[in-house]
Amino acid sequence: MSFKIKFIMVLLIVALMFVLHNSFWLWELDTRIPLFFGFMPFAFFYYVGYALLAFGAMRLIIALAWPEPSDNVLSSFSGEEKVEK
Amino acid sequence: MISPLGLGILALYVCILIVIGIFGARITRKTREDYFLASRGLGSIAIFMTLFASNITAFTIIGHAGFSYQVGYGAYGYVIGWSIFITPFTYYLIGYRSWLLGKRYGYATQPQVFGGIFKSKLVAFLFLILLLYYTLPYLVVSVIGGSLALSTVTEGLVPYSLSALVIIGISLVYTIPAGMRGTVWTDIFQGSLFLVLALFILVAVARALGGFTSITEQIVRSNPAMLQRGLSAEIAPINWFSFSFTNSIAVIVFPQMFTRILAAHSSRNLKRVSLFYPLALAFIFGISTLLGVWGSVAVPGLAGKEADNIVPLLIKEFLTPTWTILGLVVILAIVKSSIDSQLLTVAHLVTDDLLPRFRRVSSQQAVFWGRILLVIFAAAAYYGALIRPAAILNIAAFAFSGFSIMLPVMIGALYWKRANKYGACAALILPAVMLHLWYLEVLPGWTTFDFMPVFPAFLIAVLTLVVVSLLTSAPSVDQKAKTFDLFKEVFQ
């Protein structure tokens, strides 16, 4: 799979996360759904779940489109050598 | 009165910071790379904690809790919801490519990265001016917020002016000698401290209020509106949507965050940061949200800015005095870990990107000038915190939006080969001017179509970059190759 395709998939994940954040149609569940674990209303619990989803989304993005650079890239800038204690 | 135990805890906290500063100074070499970037050698824990601690400000535990007190559980999603995903995503989108360029060409700041990509001193200068323009007022506001919190928690025992002096003074103790390494090491200590203590405070407050379930049942009975996002005008959908373009996407543009990403040792370190960042953000803001909402039934009747004191009030009214000291340590740790990174970064920007325009600055001289500038900016921030000039506070009010609208140029520079310096300059200037016209109410409110000004300003930035770049000559082949051949090497 080319990087372009992988990057498009990454953008789709971003779009999905954006839609899930702006999911105003779910707000009516704030009153319908009971408390989670006795102290978490839906409006709060939704974002606990969203954080776990964000963790999964970042894991997918890293696997899809975050390649490791070669040693050549990393060794090309040597930094400053004039060291003075 | 502060007990001997409380004084001991405070003294221990300050001593640890000083020891870290002394030890960091012994290791730090007098070179530009080492002083300002810790020789680009930060590991996963160091880069994670320094980004996280620099990102979390007094707003998290003071302002956000106050906001939750007023609007309820919806404050959680409104303030931090989108950030939970998009902030770590921007570490990939912008951070990784900038880090690669830094590794290849030795870039250390945004003016260098984006001035380098566009091969334009004007782009570099605009980045420098805008970043300083938004960061300095934000720094002053951070000092004001921290000092108010410190004087409130100590019930005036430490007056406001002394609080500001203490906050800035302790930050300088380790930042001047140890530079980036000093701020990173203290961030690891302070970040861990406020994460653990904040959780302890949440559990202690919950127990004092009768337990997690009991306090929530009280909210459901006495103020059920706190559970329903649809009932709060402040977090109405149009504001909710607009706010997605403010805090969350601004973080990577903060110069203190950007520079820290360039200081990462390896790509793996950045990956780990991006992976675990959502959980850490959700954790600390979740605690702040719960404390704020619980406060609305435990300490009812706070109006306006009074609500910002809800966490100190909860601790004072329901916990023992020792907890008050621990709460104070949390506030100090949160405030100082962001102020020290802001101070070091503005000194770094001026040393690396402004002084060389007037005179040659060697590596060793850069460290000397960096230290002098740290003191100058610290003195300016202290003075600003004392006199609280209206102009500074006005700029700080929309500093986040100002940072956000610089993002399109950063994305364009790293992803679009056709983007050029003319487009970049126009896309930095025009949206900034429009943002000022909206916030200073020169333009009528209806011109934003009821969105927060940041949203139309963001669109203007995107359009300006695209249109002006397409209407002017394309960058040269050599110029494009310098950036995009490197990316081709890594990504394909």
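Visitor: Is Asp450(B) buried or exposed?
Guide: Asp450(B) counts as exposed, with 11 C-beta neighbours inside 10 Å. This is a predicted model, by the way.

Visitor: Where does Asp450(B) sit?
Guide: Asp450(B) belongs to the loop between helix 20 and helix 21 of chain B.

Visitor: And what about its phi?
Guide: The phi of Asp450(B) is positive, about 70°, although the residue is not a glycine.

Visitor: Which residue of chain A has a positive phi without being a glycine?
Guide: Phe37(A) is one of them, with a phi of about 55°. Look for Phe37(A) in the loop between helix 2 (29-32) and helix 3 (42-65) of chain A.

Visitor: Phe37(A), then: buried or exposed?
Guide: Phe37(A) is exposed, having 10 other C-beta atoms within 10 Å.

Visitor: While we're on chain A, what is it built from?
Guide: Chain A has four helices and zero strands, so reading from the N terminus the elements go α-α-α-α. Of the 85 residues in chain A, 24% are buried.

Visitor: How many residues are in contact between the two chains?
Guide: There are 50 residues of chain B in contact with 41 residues of chain A.

Visitor: Which helices of chain B supply that side?
Guide: Helix 2 (32-37), helix 5, helix 9 (212-222), helix 10 (237-243), helix 13, helix 16 (363-387) and helix 22 (477-491) of chain B each give at least two residues to the side that touches chain A. The largest share, 15 residues, comes from helix 5 of chain B.

Visitor: How does that side of chain B divide by residue class?
Guide: The side of chain B that touches chain A has 23 nonpolar, 18 polar and nine charged residues.

Visitor: New topic: how do helix 8 and helix 16 of chain B pack?
Guide: Helix 8 and helix 16 of chain B pack at an angle of about 170°, and their axes are 10 Å apart. Angles over 145 degrees count as roughly antiparallel, which is why helix 8 of chain B is described as roughly antiparallel to helix 16 of chain B.

Visitor: Which residues make the contact?
Guide: From helix 8 of chain B they include Ala164(B), Leu165(B), Ile168(B) and Leu172(B), and from helix 16 of chain B they include Arg371(B), Leu374(B), Ala378(B) and Tyr382(B). By class, the contact has 11 nonpolar, four polar and one charged residues.

Visitor: And the core, how many residues does the largest nonpolar one have?
Guide: The largest nonpolar core has 197 residues. Those with the most contacts inside it are Phe114(B), Val143(B), Val330(B), Ile331(B), Val409(B) and Ala424(B).

Visitor: What does Val409(B) touch?
Guide: Leaving out residues up to four places away in sequence, Val409(B) touches Phe114(B), Ala424(B), Ala427(B), Leu428(B), Ala461(B) and Leu465(B). Val409(B) is also among the buried residues of helix 19 of chain B.

Visitor: How enclosed is helix 19 of chain B?
Guide: Helix 19 (residues 407-415) of chain B is largely enclosed by the rest of the structure, because seven of its nine residues are buried. What covers them includes helix 5 (74-105), helix 6 (110-118), helix 20 (421-439) and helix 21 (454-471) of chain B, among others.

Visitor: How about helix 3 of chain B, how many of its residues are buried?
Guide: In helix 3 of chain B, 10 of the 12 residues are buried, and the helix is mostly covered. Those buried include Ile47(B), Phe48(B), Met49(B) and Phe52(B). The cover includes helix 8 (160-208), helix 12 (255-262), helix 13 (267-298) and helix 15 (321-354) of chain B.

Visitor: Last one: what do the buried residues of helix 1 of chain B pack against?
Guide: They pack against helix 8 and helix 15 of chain B. The buried residues of helix 1 of chain B are Gly6(B), Leu17(B), Ile20(B), Gly21(B) and Gly24(B).

Note on methods. Residues numbered from 1 in each chain as written. Chains lettered and ligands numbered in written order. Predicted model: local features only at pLDDT ≥ 70, side-chain atom pairs only at ≥ 80, totals over all residues. Core = buried A, V, L, I, M, F, W, Y, C linked by C-beta atoms within 7 Å. Buried ≥ 20, exposed ≤ 12 C-beta atoms within 10 Å, placed from the backbone. Contact = placed C-beta atoms within 7 Å. Nonpolar A, V, L, I, M, F, W, Y, C, P; charged D, E, K, R; others polar. Axes fitted to C-alpha atoms, helices over the stretch in contact; angles between N-to-C directions. Parallel < 35°, antiparallel > 145°, perpendicular 65-115°, else oblique.
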